[in-house]
Amino acid sequence: MVRVSILVPIYNVERYLERCLISIFEQTYKNIQYVFVNDCSTDNSESILTSVIKKYPERNNDITIISHSSNKGLASSRKDALRNVTGDYFINVDSDDYIAGNAVEIIANKVDATPSDIIVFNGYEVIENKLKILSSGYIPNKKKYLRKIILNQASPSFCLKAFNTEFFNKSNILPIDGVDNGEDFSTVTPLVYLANKIDYIDEGLYYYNRDNSDSYTQSLNKSGINQLFMAAKAVEVFLKERSTDENIDILIAGMKIRIKNYLYRCENISLYPCINELFPEIKQHHTFPSYLPEKILSSMAERKMYNAALIYIRLTKAIK
């Protein structure tokens, strides 16, 4: 019977933590290890964790709790959890999110049927108790799937994937300390590149809470922009060292263009000058087939037409 580890980083999520914990403790599957990393929370998260654990005494022997003496950030918390995995496979659940009650059972059944290095599945966005399907963007061609991840056309999220622990340990790929914004992109992208077999579950197993504006990933500032820059550079170095694709430079340029356009859409025009300074080298890659809306947005922002860019973003969102 395959053992699955669930890794949960915790930081100041007292409003949402109980829901997350109930969803993972009440899984229909029983052979589960739980690894919690309390990243020096300053609210009641720690006491909520302790209180909820007491309601599930049958899970006590399967629980590992790591407590940081200072706040280290998401990447370091994720890394500490990964170092304590004992399961054959592991999944990541952010502590303001939750998973389907049979998620682990579905994953374990998939593993029993066709073992693989990575299993990809879908999720839902939860906005004011309303659900919106969130596709992983998976396609059954690894080269094309990797390209989609690099170009922000498929989700690089840790939380929409289960990983084979042996494969992961052999990869020597870990989150980068201090890179909390983009930590999944800088880690999952090389893992997908290295995977020999990737499988897919066409079901929504993960629920993203989009109501938590205080989460690690929801807020954006200059530090977050710099972290995403570092994540992109890590992916660039990895690909240039490993890839034999003669068009890899064009693909990397496309990655940088897409990252800048993603950041422009934060709607915080005070950050636009900082975003403009990213990746000055991509201007030479005019051959990359950027979509027209992206060209219009980046042209406005680079010409410092910030208010016009903001209006354009809101109009395109309204049309969608």
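Select S23 to begin: leaving aside residues up to four places away in sequence, S23 touches Y98 and I99, where contact means heavy atoms within 4.5 Å. This is a predicted model, in which local features need pLDDT of at least 70 and side-chain atom pairs count only at pLDDT 80 or more, while totals for chains, interfaces and linings use all residues. Residues are numbered from 1 along each chain as its sequence is written, and side-chain values use heavy atoms, with hydrogens and water left out.

**Helix α1**

S23 lies in helix α1, residues 17-25. Helices (H or I, at least four residues) and strands (E, at least two) are DSSP runs, numbered from the N terminus. With a relative accessibility of 11%, S23 counts as buried; the term buried means under 20% relative accessible area, exposed means over 50%, and partly exposed lies in between (1.4 Å probe, protein chains only). A polar atom of the S23 side chain lies 3.3 Å from the backbone nitrogen of I99. Such a polar contact is a pair of N or O atoms within 3.5 Å; within protein, one must be able to donate a hydrogen and the other to accept it, and residues adjacent in sequence count only if both atoms are side-chain atoms.

Now select the buried residues of α1, which are L17, C20, L21, S23, I24 and F25. Against which elements do the buried residues of α1 pack? They pack against β1 (4-10), β2 (32-38), α2 (45-54), β3 (63-67) and β5 (98-99).

**Cysteines**

Display the cysteines next. The structure holds 0 disulfides, a disulfide being a pair of cysteine sulfur atoms within 2.5 Å. For C40, which is in no disulfide, the nearest cysteine sulfur is that of C20, 19 Å away. C40 counts as partly exposed, at 25% relative accessibility. C274 is likewise in no disulfide, and the nearest cysteine sulfur, that of C266, is 9.9 Å away. C274 is buried, with a relative accessible area of 19%.

**Helices α5 and α7**

Select residues 142-150 (α5) and 183-194 (α7): the axes of these helices come within 10 Å and cross at roughly 170°. Axes are lines fitted to C-alpha atoms, for helices over the stretch in contact, and angles run from 0 to 180 degrees between N-to-C directions. The two helices are therefore roughly antiparallel to each other, the word for angles over 145 degrees; under 35 counts as roughly parallel, 65 to 115 as roughly perpendicular and the rest as oblique. From α5 the contact takes in K142, Y145, L146, I149 and I150, and from α7 it takes in F185, T189, V192, Y193 and L194.

**The loop between α8 and α9**

S243 is in the loop between α8 (222-242) and α9 (248-264). At 19% relative accessibility, S243 counts as buried, and the S243 side chain reaches the backbone nitrogen of D245 at 3.1 Å.

**Two further loops**

Move to E128, in the loop between β6 (118-127) and β7 (130-134). Although E128 is not a glycine, this residue has a positive phi of about 50°. E128 is exposed, with a relative accessible area of 62%.

Finally, select R303, in the loop between α11 (292-302) and α12 (306-319). R303 counts as exposed, at 58% relative accessibility. K304 is also found in the loop between α11 and α12; K304 has a positive phi of about 65° although it is not a glycine.
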